[in-house]
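Here are my notes on this one, jotted down as I went through it. Have the viewer open while you read.

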Amino acid sequence: MQLIEKAPAKINLGLDTPYHHQDGAEEWNMVMTSVDLADYVEIQTLTKHKRIRVASDSGFLPNDQRNLAFQAAHLLQTKYHVDEGVNIRIKKNIPVAAGLGGGSSDAAAVLRGLNQLWQLNLSWQELAELGLQIDSDVPYCVYGRTAHVRGRGERITPLSKLPAAWVVLAKPKVSVSTPSILQQIRYDQLEHPDIDALLRAVRNQDIEAMCAVMGNALEPLTSHRYPEITQLKQQMMKFGADAAQMSGTGPTVFGLCGKQSRAQRVFNGMKGFCREVYLVRPLP
């Protein structure tokens, strides 16, 4: 049996970490949404053996236990004592190590797909809690819709759809190690965005208010190491984006535009500064 799951990229409209837990894990307070740039994950179950195989059309992805999609399959296979193997083929469209949650979304796609193929009958909340064992973004990616994300990443509160908007994504050539950025956090020095105000703006379908209060507490850390991020933000605003911000731990910068014509102008302008530029929309 086999199926294909769509694995969309995510962006962080708001990202804050108010403190870390005693075990070192960050407490998150985020507003996230998914966009229509997506990987496609083909999942095929095999009855002859229990091997898990991962392949992709990207030369940058590991195909062993380091791959989050592999970890997702192994987690379900082990926890629920499944005697079948899995072939996973990933068509990559989301840039790797970009702050767009590509690996987490692939893992979430495997959780959703195998839940169906193996008839595990797990709820999305149960899948999200399992996904936290893989990566803090996996629980959100199980849902793949605009949401308020708290806790270690497992507390997902779906929100109403965003007001009409277009998003320009621009990824510089650098790749960012999330653990290396998280190790730099000094909580007494972080600037905390107003997540409550952002939630109100989303609920009120007010894109102007959204653009005014968006923020990413980790952006200064990453942009200090990679000044390209600040340069891309400045260029996006110069070309007419209503707001521009780094996603996740970076390095991808996204520009939010209320009008398609303005988004097209930003997209065209950014192509002169960056090789990987995408014009996308938030998923409904």
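1. A word on terms before the details: a polar contact here is a pair of N or O atoms within 3.5 Å, and within protein one of them must be able to donate a hydrogen and the other to accept it. Keep in mind too that this is a predicted model.

2. Let's start with the annotated spot. The UniProt annotation "active site", from an unreviewed entry, covers Lys10 and Asp137. They span 128 residues in sequence, but no two of their C-alpha atoms are more than 9.2 Å apart, so they gather at one spot. Both Lys10 and Asp137 are also part of the lining of the largest pocket.

3. Now Lys10 itself. You'll find Lys10 in strand 1, residues 2-16. Is Lys10 buried or exposed? Lys10 is buried, since its relative accessible area is 2%, and the cut-off for buried is under 20%.

4. Asp137 sits in the loop between helix 3 (124-131) and helix 4 (138-143). With a relative accessible area of 15%, Asp137 is buried too. Which residues does Asp137 touch, not counting those up to four places away in sequence? They are Lys10, Met32 and Ser104.

5. Ser105 is in helix 2 (residues 102-117) and is buried, at a relative accessible area of 1%. Its side chain reaches the backbone oxygen of Pro8 at 2.8 Å. Pro8 is one of the residues Ser105 touches, along with Ala7 and Cys141, again not counting residues up to four places away in sequence.

6. Last, helix 6. In helix 6 (residues 195-203), the buried residues are Ile195, Ala197, Leu198, Leu199, Ala201 and Val202. What covers them includes strand 1, strand 2 (28-46), strand 5 (147-151) and helix 7 (207-213). Strand 1 is where Lys10 is found. As background, an α-helix has 3.6 residues a turn, so residues three or four places apart point the same way. Just after helix 6, have a look at Gln205, which takes a positive phi of about 55 degrees.

Methods
Residues numbered from 1 in each chain as written. Predicted model: local features only at pLDDT ≥ 70, side-chain atom pairs only at ≥ 80, totals over all residues. Heavy atoms only, no water. UniProt positions renumbered as here; feature names shortened; annotations may be inferred. 1 Å grid on protein atoms, 1.4 Å probe; cavity = no way out; pocket = protein on both sides within 12 Å on 5 of 7 lines; lining within 4 Å. Helix = DSSP H or I, 4+ residues; strand = E, 2+ residues; numbered from the N terminus. Buried < 20%, exposed > 50% of the residue type's maximum accessible area, 1.4 Å probe, protein only. Contact = heavy atoms within 4.5 Å.
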